[in-house]
Every structure is written in structure tokens, then in C-alpha cells.
Amino acid sequence: MKPIRIFLFILLTLAVLAVVCWLLPTKSYIAGNELRSPQLREVLEIEDALPTDTVAAESVDTIAAEPVLRDTIVRDTVVAKPKPQPRPKRVVPVVEEEEDTAADTIDTHIYLTRFYAALQGADTAVVRVVHYGDSQVEGDRITMMVRRALQGRYGGGGAGLVPLHQTIHMRTVTHTLTMNGATQSAGQGPKRYLVYGPKSNRREGNLYGPMGQVAVMNTALVKGSDSLTLHLSTTKESIGERYYNRLRVLRSAGVQAKVGQHQVPLNGTLTLPDSTSKVTLQLCGQGDVYGISMESDKGVVVDNIPMRGCAGTIFTGIAAEQLQTFFDATQTRLIILQYGGNVVPYTKTKMDVRKYIERIRRQVQYLKRCAPEADILFIGPSDMVQRDGGNIQTYPMVPVMDTMLQRLAVDEQIGYYSLFRAMGGRGGMQRWREAGLAGSDYIHFTRRGADKAGEQLAKWLMNE
Amino acid sequence: MGFLRHIFAFDSHSPLLFTQLYFWVFLAIVYGGFALIMMRQTRRRLHLRNVYLMLVSWFFYYKTSGIFLFILATLTLSNWLLAFAVRRARDRQADMRARMWMTLSILINLGFLFYYKYAYFGVDVFNSVFGTHYSIVDKIILPVGISFYVFQVTSYIVDVYRRTVQPVRNILDFGFYVSFFPQLVAGPIVRASEFIPQLYKPFSLSHRMFGLAVFWILNGLTKKVLLSDYLAVNLIDRVFDNPLLFTGFENLFALFAYSLQVYADFSGYTDIATGVALLLGFYLPQNFDSPYKSRNPQEFWRRWHQSLSRWLKSYVYIPLGGNRTLLGRKVNKLWASNVNSFLTMLIGGLWHGASWNFVIWGGLNGIGMIVAKCWKALKDAVWGAVTRRWTLPSGPRIQALKIHLLRVDNLICILLTFTFITFTRLFFRSGSNLDPATANRVAWETAVMMMQQISGAWDSAIIPSFLWQYRSVVLLFIIGMSIHWLPTHFKRWYRLNFALLPWWVIMLIVVAVVMIVYQFVTADLQPFIYFQF
């Protein structure tokens, strides 16, 4: 073939492609499947930069003191992805931002005054912080940095609560559960029930404990064994919280807990040497185990309680008496709720967001009743992106939800920390991704990103 | 205006990539000029073609790396000049002088490579060894493709010294050889002896070769977008970023999928380069030969990135002593061969990236090769002893059984090799594109976390849900591996039949493939789904 013929072939091919692009709409449907077509306009006009908020012009390195957090796609159950249905050409609604109100400018630190007051007495008493969240905080991510900062300044030790059956590796605690010398992995050992996740994980009644999960043990049924053994060891990485001197086992009356020859009181703590970083716990009997807490007798104790796939609307599903008893007995002074990301992909309109906000309001009010001595801090979703054709852009409802959560916080007089704004607003997730701070799912932070988000949150929390 | 600016202006964030429309428009424009020059095939026109393509290649490199074009030009000039010095010294029997010129040339080549690629690593190693805290003040940006063209010019100067290649008389021809744009940034590493003779041959492309060129381009594009990018974005990267969010099965699947991804990515790029070069009338050497069909790591490295393997063999393994000497001393053949192979693999690992995790990866491959060689030697020895000691039964049934057993043995070996190679990549993938210190830490931590999940947190109950929810990813993986494992003669058959199609059918197929590829480029991100709570 002569080069000129090949050249004509190339030209003709490009021309046919151009005609196809011109003829086909951006999206069409063939047998129920969406067919996208490149548009000549988008090819010829290069977008120079990502759309960003005006506050977002900062580089990732200079983003001010706030973290990012968002939950991953919310699925309380493993359900099938909705099948794409043939539908009329639908454009993602352009959502105008909520108009600014006075509530949007309020610095919600003022709603955390009891917590700050308690911190001043942390040299003699315990100040407990319970950090609930979705998958963003799994494995002690983000929480670890907050704990490190608070314990570094106000003292305290221990990594806080861990469940009996740990299915998620923690950065700060090595956790091994054995039965008859055999390590119990996921699906083995005591039956776990969760207040979140698939409905098949629920139990009858609402006794899930403060971690939202319970392990039901019955060692009498285990042949040749009369106890479970739990080895807990705080890792070097945890630094500040590595050493602790008290152990608490949240459980029902039928379960006995021992460390060596020492019985752990049912409603109290077992005192350990000050430099404890490892403990071996023996458990036997029948009943519920809600969690094991490694803590100090003064200073700050911070719990990390991740709930994978959760939207944060489950607290009313946990018995109020259990929560009240825990918050009261452990001197909980701050409850952090970090949710919202799991609902973002499924909220299409402002009405959807409002419905979610009202559900969150009920949870906040419920927790206030359960922990009257504690302040509450809500952390909204981080920036989240979706792909629209070849472009990656922020979900339209993220800024809306962020604004509405801020207003909810003012209404309910709780703290609010905007991860979305901390990341630089719109396009923040993509910038974090490019900086290696967020994963390729544009949902979760990388370890570095989680550390950064945690540091920012700690700075904000400590009003630095 | 934006469109033209995108094609012609330098933008460090937006290099010309084979997977972008802009590259193809660029190619169309380039091909227009090329066709115009080749209207007549005189010697002068051929020379003009070479100059034209060299300028186009330089422009392409400028689009990709901006001012680093200077390095390419410097290396071209220095190697071109020093090659004459080497040759002249050789002709005058002044071997020492020839060696000196060659060494100087290699030092210049490697100097650029070490500065731009290994400076951070070198400082990191120095600090570790001597407990110092030096750091590099200026940010060093790695020029695109420097590893490839440095190796290319190094092979040229060594070949001139070895008298296997004549120095190229015309610097423009030599510049064209060094910078030929289809293979400039990602190989294959072309030797002068393979490429230079083509500069003086008239353009000739049969309809069949034209069809093959288009086939390679489509093949590469599909591999790159479907099997590499789609799998990466929708599963693999997520798992490698946060292994603990996923169960053991998901980690394992992602690890194997990564093996397909890295192959599809690299070989896809090479396929496109081969096709584009062919359209311009140049033949590039084969770079991949279904590497996951290999029965042992040694064979794998003969099939994977063949141009690099050949380069390492010729310019590292053999100079190290090959299977004859070790550090200049004559030793046992097996011993020399194994140690030199291992050292070559370490260097090969370092070539892939400037951090310890790549060295570890290279070392693991080296160990794998040695173990496989020893295993084969042991097997042969045992089998030899058995056949000497006993007379084995024979006959048609026994023969059939032997063939059957051989097939099973082949299958096991292929799967074992694939698994081994896949697991070594724990170190390869985890530390890519990071500074050396971070790369080592991240690679190690990621590898540990993934192994921890794979060995412990294996929740088999979620496997069906995972397979269903990620069916597009799983299906692509199965299709990709199935095609990879198709018999070679069958692949050759459908390739040839494609090439023989009428031009307008080929064009329609091109349009259809582009539309399909576009669906994957713009597909919604796979929703994140939890299977374990």
C-alpha cells in the first residue's frame, strides 16, 4: 500500500468517527445498556482545570486544619447494584448551593465547651472520647492521630475499646483470639451480631453494646475447652497510647474474665502495671461480650469504633440503658460521629438530603439523652466524586449535605467539622488522590491521607 | 484552539499518550507529511523521510518531557561522535583507547541515568550506610523514557566496540534511530543492528502488513484500556491502596488481576508502538510472547520484555562472565551461571525502579530462576537414574499416558510460574512511583498487609457475592487470561484473517472498537461494596 492510501485511510476513519460522534447523542440506550458517545464539542474544547470552590484553591499541602472523611458507598446489606434501566435522557440536576445563613458562619467550637473544661482536669480524671465512624476510621485510622495528639498534650494511655472478635486489622493493636490454641478467624468462634451491615447479622432485641456489636459466647459448648483466650498487644506505632494501666471488659453477668489469676470486675476495671502494653485475657461462661477496653486511670482515652458501610443512623437501635451505663461509667465527655459518605451516592435531591439529616437529628438527640454529660461533634462527608462521562466531578449533593449538617449542628448545639471544606471543597478528593492521599476508589484515604486527615482534625479539635 | 494547543503546546500534565485522541490526530498530521515525502521513493526522499521523522520524534519527546529534549540531543551527539572514536581506535588496533572511548560514552550515558533516576535512591542508601542526613534540595524530575534510550545508545556504543555494528555516518540518521517516537518512551529497546539497516530501505507495506499494523494498534488499545486501566481503577488500585478493607479472597484476586494488568499495560503500549511503526514502514522487535505461558521463571524472562532481557543478557550477564566465569575467575558452570543470573536480575530490578523494593523484586526473580534450574537438574538426574536402573514399560498406551502426564506437568508448571511471578509483584506494584524511602516502607507494609489478609482473613462465604458484584471485573480478567492462554497458532490465524480483510471492513472494525473502548474509558466507577462486616 502506498503511504498516501494509508493516510487517506486514517483521515477517513477519523471522519467516520467524527460523524458518529455528531450523529449519536451523548447517551443512548441499546437493549437497556447505556451507550456513551464522545461529543465533538468536548473533544475540541479542552477543559483547563477542574472546577473548584473558591476556597479550594489551596494546594493539598496548605489545606488548613481540618480533615476529610467520608463514608464509602452506603450499603447496609450486600445488595445487587441496581441494574441500569432504559430511561429517558436525564441530565444530572445542577444543584444550586444552599443560600448562606447565619448558621453557616458559626464556629461550632462553642458547643464543645464541656469537653474543653473536662480536658483541663485530665491530670486527675479520665476524659473519654468515643469516635464512631464508617470505614474511613477502620483500623484506627484518623482516630489514632487524634488520640496521639490529645494524649500527647493531656496525658492518658491505651487504645480504648476493641471488640472480642476483631475482623479488621488495627494499626495500633494486635489482636489474637484463640480457642483450644487455634486462632479464630472471621466466621469462627463466638457468634457476632452487628447493629449495622446486612440484616442477617442482627440479633433479637437491641443489646449490642456501645460498639454496636456483640460476641455471644458459650464456652460450655466447646469440647475440651473452658475458655477463650484473647491476646492484646499495643503496637509500637501507637507510641503515646501504647501503655495503659486499666482493663475493662464490657460483658453480661454470665461471662467471667481473668488476667492471670486476677478477675476483671463485671462493672469496673482491673488495675494493671503502668507499663502494660500486652495482656492475655481468659474468658469463659455464657453470655455477651461487648468489648474490651485498654485505658488509663487518668488523662484522655479515645475509642475507635468503625462501622463498615454505615450511615450513622443505627444508634437508636442500641439499648439506651447500655449506652447510658457505658458513657456514664467511662466518663465520656465527647462523642464524635463521622458519617454521611455512605449516603452520598444515593442522594439525588435536596429532599433526600433533608430526610437523611432528620434521621441524623434523631440519632443526635438520642445520644444526647444517653450521654447528658458529653458533647457531640459531627464530622460530615469528605468530598466525593463520580465519573460523568470522562470527567470526574464532585457529587452534586456533597456541598448541600455539608451545609445542611452545619445547620443541624447549630440547631442541635453540637460541634461540626467539615471534611469537605478541609479538603478544599469541590475537587478536593481528586487533588488528594493526585497527592497520594486518597485511594483510587476516590472514597477512602490512603494511610498517609488518613494520617493527614487525623492531624487536621486533631488541630481543629484542640483549637490550634 | 484548545484542541490544537493540546496537540502542539507543551504541557507537563498532559503528554501525548497513545490512548488519547490527540495522539491519533497528531499521527494523522504526521502521516500526511510522511505520505507527501514518500510520493516518490528516491534516495534523497528516504533521507528526507528520516530527517522528517526525527524532527517529529523530537517534537513528540518535547511534548512529553519538555526541556529534557536537551538530554536526548546530548546523548545522541555524544554517542554518535564517540562511536567514530571507538571505531577509529579499533581500526588502528588501539584496543585500550577504544575501550577508553567506549567507557567514556557509557559513563556519560549512565551519568544522566543515575542523576535523574537514582539520585534520591543513592542519597537514601548513603544516609542509611553512614548515618548522615543529606538530602537533595532541588526536585529532580525523571525524564520520560530515559531508561529506554540510555540503554539503546549504550548498546550501540558497545556493539560498535564489538564490531557488530558500523558507526552510523549521518547524525540525522542516528538521531532518528535513537528517538523514533513510537518506541521512544516505553520501548521496545531497539538495537542499532536491528534498526539502522531499515533507514536505507524503501518504504514497503503490503495490504497484509497494513492490516497487521492496524490489528496491533487495536489489540494494544483494547489491552491498555479494558484489561489494564479498567481493572486497575475498579479493583486493583483500591485493594493495593487499602488491603485491610478487603478480604483475603479479594486481595488474592486483585493480586492476580494485577499480573494481567501490568502485562496488558506494558504489552498494550508495545503493541501500539509496533503497529504505528509498521504503518511508517519500520519493524520493531517482538517484546512479549505470551509470558504467562511460561513453565519456569527463566522461560518467563525469555518471553517477558524480551528486548530488555536480551539487552541484559548481552550487556550485563555475559560481561559478568555468563556461565563461564565469576568475577573473572573460572568456576563451575552451574555456579557461575546462577550467580551471574542472580546479579543480572538484581540490576534488572533496579532498572525498573530506584528503590530497594525493586531490587527485592529482581532478587526474588533471580532466586526463582535458580530454584527452577536446580529443580529441573534434580528432576532430570532422578529420572536418568530411574531409567538407568529399571527398564520402563513401553507401548502405545504407555506413550499416551506419558503425553497425558506431560500435559499435566506443563499445566502445573505454568500455574506455579504464574503464581510465583504474581506474588513477586507484591513488591513491584506497591512501591511504584514513590520516593525511595516511602517506596520501601509502603511496599513492605502493603505486602505484609496483603499477605496477612490472604493468609488469614479469608471469608469464603463472601466469594459468590464478590464474584457477582464485581462481575464486569471478573469477566474481563477471565477473558483476558483466556485470550492470553490461547494457542499461538490460533492467535496467528485470527490475526492473519483480520489483516486480509478489505480496508473498509477494517475501518468499520476500528470505529466499532473505538466506540467500545470509549465505553470503558467513560464507564462509571465500580461502586464500592463491602462484603465483610
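## Before you start

This is a predicted model, in which local features need pLDDT of at least 70, side-chain atom pairs count only at pLDDT 80 or more, and totals for chains, interfaces and linings use all residues. Residues are numbered from 1 along each chain as its sequence is written, while chains are lettered from A and ligands numbered from 1 in the order in which they are written.

For the complex, the predictor reports an ipTM of 0.83 and a pTM of 0.75. Chain B has an average pLDDT of 86, and 92% of its residues score at least 70. The pLDDT is the predictor's confidence in each residue, from 0 to 100. Where that score is low, the predicted coordinates should not be read in detail.

## The parallel sheet in chain A

Take a look at chain A and you'll find an open sheet of five strands, in the order β15-β3-β16-β17-β20, with parallel pairing. Its edges are β15 (299-306) and β20 (415-417) of chain A, each of which pairs on one side only. On average, neighbouring strands here are turned by 20° against each other, direction ignored. Some terms: helices (H or I, at least four residues) and strands (E, at least two) are DSSP runs, numbered from the N terminus. Two strands pair if DSSP finds at least two bridges between them.

Now strand by strand. β3 of chain A (residues 126-133) pairs with β15(A) in the parallel sense over eight bridges, and here A:H131 stands opposite A:N304. Helix α4 of chain A (residues 143-154) packs on the sheet, touching β3 and β15 of chain A, and its direction makes about 175° with that of β15(A). Axes are lines fitted to C-alpha atoms, for helices over the stretch in contact, and angles run from 0 to 180 degrees between N-to-C directions.

β16(A) in turn pairs in the parallel sense with β17 of chain A (residues 375-379) over five bridges, where A:L337 stands opposite A:F378. Is β16(A) enclosed or open? Seven of the seven residues of this strand (residues 332-338) are buried, so β16(A) is largely enclosed by the rest of the structure. A residue is buried if 20 or more other C-beta atoms lie within 10 Å of its own, exposed if 12 or fewer, and partly exposed in between, with C-beta atoms placed from the backbone.

A:Q331 sits in the loop between α5 (320-329) and β16 of chain A. A:Q331 isn't a glycine, yet has a positive phi of about 55°. Most residues other than glycine have a negative phi. A:Q331 counts as partly exposed because it has 14 C-beta neighbours inside 10 Å.

## Chain B as a whole

Chain B has 20 helices and two strands. Along the principal axes, the C-alpha atoms of chain B fill a box of roughly 65 × 65 × 60 Å. Buried residues make up 43% of the chain's 533 residues.

The chain is divided into domain 1 (2-203), domain 2 (205-288 + 459-533) and domain 3 (294-306 + 321-423 + 436-442), with bounds that come from an automatic or database domain assignment. In chain B, the C-alpha centres of domain 1 and domain 2 lie 29 Å apart, and 14 residues of domain 1 are in contact with 17 residues of domain 2. Contact means that the C-beta atoms of two residues, placed from the backbone, lie within 7 Å. On the domain 1 side, the elements giving two or more residues are α2 (21-37) and α8 (192-199) of chain B.

## Two buried residues in chain B

B:H305 lies in the loop between α11 (297-303) and α12 (306-320) of chain B. Its phi is near 40°, a positive value in a residue other than glycine. B:H305 counts as buried because it has 22 C-beta neighbours inside 10 Å.

B:I236 belongs to helix α9 of chain B (residues 207-241) and, with 26 C-beta neighbours inside 10 Å, also counts as buried. Leaving aside neighbours within four places in sequence, B:I236 is in contact with B:L231, B:A254, B:A257, B:Y258 and B:Q261.
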